[in-house]
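Hi,

Here is the model I promised to pass on.

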Amino acid sequence: ETPMIHSSELHLEHLRGSDLILEVCRTCNAREYLCGPSGPSYLKPETFRRNKITIIPQQFEIESFRHIDEAEKYFSSLHHLLRLGQKQSKTLFKERG
């Protein structure tokens with residue numbers, strides 16, 4: 001089972017944006033960071049590479065779900081997981097090659 005922690009427990013209040021995300025990943029020993037499709041435009045990819053953390057923009061097909069509106073196409077995978085549940089949201093996500 002994967003432990004869940006609150007970012008406030010990490011005491012990183014002095015950081016913002018990409019620096020905060022990077023430090024959360026480093027502190028939790030992450031090797032990959034799943035982000036929304038616009039993630040690479042606001043993250044600092046080089047600092048993630050230097051820390052051996054791979055940025056993975058989400059890629060899923062959403063057009064086949066009629067109950068998802070246009071705006072939700074750009075929401076994070078976590079949003080869809082919480083909204084649709086694990087079983088149904090799995091059909092949204094493409095397998096990575």
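A word on terms before the tour: helices (H or I, at least four residues) and strands (E, at least two) are DSSP runs, numbered from the N terminus. Also, this is a predicted model, so keep in mind that local features need pLDDT of at least 70 and side-chain atom pairs count only at pLDDT 80 or more, while totals for chains, interfaces and linings use all residues. Residues are numbered from 1 along each chain as its sequence is written, and side-chain values use heavy atoms, with hydrogens and water left out.

**Overall layout**

The chain has five helices and two strands, and along the sequence they run α-β-α-α-β-α-α. Of the 97 residues in the chain, 30% are buried. Here buried means under 20% relative accessible area, exposed means over 50%, and partly exposed is in between (1.4 Å probe, protein chains only).

Strand 1 (residues 32–35) and strand 2 (residues 54–57) pair in the parallel sense over four bridges; strands count as paired if DSSP finds at least two bridges between them. Cys35 has Pro57 in strand 2 as its bridge partner.

In a regular strand the side chains alternate between the two faces of the sheet. Strand 1 has Tyr33 and Cys35 on its covered face, with Glu32 and Leu34 on the uncovered one.

Over in strand 2 you'll find Thr54, which counts as partly exposed because its relative accessibility is 43%.

**One aromatic pair**

The structure holds one aromatic pair. The rule is that rings of Phe, Tyr and Trp (its six-membered ring) pair if their centres lie within 6.5 Å; planes under 30 degrees apart are stacked, over 60 edge-to-face, and the rest tilted. Tyr33 and Phe48 make up the pair, at 6.2 Å centre to centre and 35 degrees between the planes, so it goes down as tilted. Tyr33 sits in strand 1 and Phe48 in helix 3 (residues 45–50), so the pair ties together parts that are 15 residues apart in sequence. Tyr33 and Phe48 are both buried.

**Cysteines**

How many disulfides are there? The count comes to zero, where a disulfide is a pair of cysteine sulfur atoms within 2.5 Å. For Cys28, the closest cysteine sulfur is in Cys25 at 7.6 Å, which is too far for a bond. For Cys35, the closest is again in Cys25, at 9.8 Å, and that is too far for a bond as well.

**Salt bridges**

A search of the whole structure turns up three salt bridges, a salt bridge being a side-chain nitrogen of Lys or Arg within 4 Å of a carboxyl oxygen of Asp or Glu.

- Asp19 and Lys44 meet at 3.2 Å, N to O. Asp19 is in helix 1 (residues 17–27) and Lys44 in the loop between helix 2 (39–42) and helix 3, so this pair ties together parts that are 25 residues apart in sequence. Asp19 is partly exposed at 33% relative accessible area, and Lys44 is partly exposed at 40%.
- Glu23 and Arg26 have their closest N and O atoms 3.0 Å apart. They are three residues apart in helix 1, so about one helical turn separates them. Glu23 is partly exposed at 23%, as is Arg26 at 41%.
- Glu46 and Arg49 have their closest N and O atoms 3.2 Å apart. These two are three residues apart in helix 3, so about one helical turn lies between them. Glu46 is partly exposed at 40%, while Arg49 is exposed at 54%.

**A nonpolar patch**

Finally, Leu78, Leu81 and Leu82 form a nonpolar patch on the surface, with about 300 Å² of accessible area together. Patches are made of residues with over 30% relative accessible area and no salt bridge, joining like charges within 9 Å and nonpolar side chains (Val, Leu, Ile, Met, Phe, Trp, Tyr) within 5 Å. The areas come from the Shrake-Rupley method with a 1.4 Å probe, and for residues only the protein chains shown count as cover. Leu81 belongs to helix 4 (residues 77–84) and counts as partly exposed at 34% relative accessibility.

Cheers
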